[in-house]
Amino acid sequence: MTLCRVLSVSTPLALAATLCAGVPAHAGTTTASVTSACRIQPYGLIGARWIELGGENSALGCPRTSEVDVYLNGVWVGRRQNFLRGQMVWSPRQGPKLVVSAWSIGGYAYVDWRTTAPRSYDRFLVRWTSAADRAGTQRDIGGGTSGRMRVRVMTTSGYRFIVEGCDNGTFSSSCKQGWTLSVTA
C-alpha cells in the first residue's frame with residue numbers, strides 16, 4: 001500500500017510537497033506481528049494495542065476494515081480502524097503513541113486509551129453520545145497516561161466517545177492538546 005500526503009508549508013511562496021511512503025509512519029513503531037485467523041491484520045500502533053487487548057479473541061473481535069487516514073477540515077489528524085464490535089483510532093496530537101479503543105459487550109460500552117506519554121495529566125474528561133443520550137454526558141476520570149471506563153448500554157445504537165487530558169490550575173483547568181478522535185462502540 002502506498003500512502004501519499006500533500007504537505008503545505010507556510011512561506012511567502014506557499015510551497016507544497018507530496019510525501020509518499022510504503023506504509024503509514026506509525027506502522028514501523030511497533031513489532032506487532034502476531035498472525036491471527038482474521039482476514040485483515042491490524043498493524044502499527046493500532047495492531048499492537050489490539051494484540052494487548054486480546055487480538056481476535058478480544059472484545060473488539062476481528063477488523064472489518066483496513067486502517068484509514070482521518071482528516072478534520074482537510075488536515076490529517078490520525079488513523080481509524082473498524083472492528084466487529086468496536087473501533088480503534090491513533091490520535092497522535094494527544095500523544096505520539098495514543099490509541100483510543102471502544103467496544104460494546106455484556107450490556108456495557110467501553111472506552112480505553114493508552115498512552116499519552118510523554119504527557120501525563122491530572123485528569124481525563126470523557127464525553128459520549130448515543131441515541132439514548134443525544135445531548136451527551138461527560139465524566140471526569142483519574143489522571144495519568146491512560147485510562148478506561150464503561151457505561152451501561154441504554155440503546156441498540158452505537159456510543160461515540162472522545163477523551164481529553166487536562167491539568168488542574170488554581171482557578172481553571174488547562175486542556176491544551178484538545179479532544180481525541182472519536183471512537184464508536
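How many of the nine residues of helix H1 (residues 44-52) are buried? Seven of them are, so that the helix is mostly covered, where buried means under 20% relative accessible area with a 1.4 Å probe and protein chains only, exposed means over 50%, and partly exposed is what falls in between. Helices (H or I, at least four residues) and strands (E, at least two) are DSSP runs numbered from the N terminus. The model is predicted, with local features needing pLDDT of at least 70 and side-chain atom pairs counting only at pLDDT 80 or more, while totals for chains, interfaces and linings use all residues. Residues are numbered from 1 along each chain as its sequence is written, and side-chain values use heavy atoms, with hydrogens and water left out.

The buried set in H1 is Gly44, Leu45, Ile46, Gly47, Ala48, Arg49 and Trp50. Their cover includes strands S4 (75-83), S5 (86-90), S6 (99-105), S7 (108-114) and S10 (147-152). After H1 comes Gly54, with a positive phi near 120°.

Further on, in the loop between H1 and strand S3 (68-72), sits Ser58. Ser58 counts as buried because its relative accessibility is 6%. A polar atom of the Ser58 side chain lies 2.7 Å from the backbone oxygen of Gly55. Setting aside neighbours within four places in sequence, Ser58 is in contact (heavy atoms within 4.5 Å) with Trp50, Leu53 and Arg85.

Strand S8 (residues 121-130) is also mostly covered, with seven of its 10 residues buried. S8 runs antiparallel to strand S9 (residues 133-144), and eight bridges join the two; strands pair if DSSP finds at least two bridges between them. A hairpin of two residues links S8 to S9, and Ser130 has Asp133 as its bridge partner in S9. S8 is antiparallel to strand S11 (residues 160-168) as well, through seven bridges, with Thr129 opposite Arg160 in S11.

Then there is the nonpolar core, meaning a set of buried Ala, Val, Leu, Ile, Met, Phe, Trp, Tyr and Cys residues joined through side-chain atoms within 4.5 Å. The largest one has 22 residues, of which Val111, Trp113, Val126 and Phe161 touch the most other members. S6, S7, S8, S10 and S11 each give two or more residues to this core, and S8 supplies the largest share, four residues. Beyond four places in sequence, the contacts of Val111 include Val100, Val126, Met149, Phe161 and Val183. A second, separate core of 14 residues includes Ala59, Phe83, Met88 and Trp103.

Conventions: A polar contact is a pair of N or O atoms within 3.5 Å; within protein, one must be able to donate a hydrogen and the other to accept it, and residues adjacent in sequence count only if both atoms are side-chain atoms.
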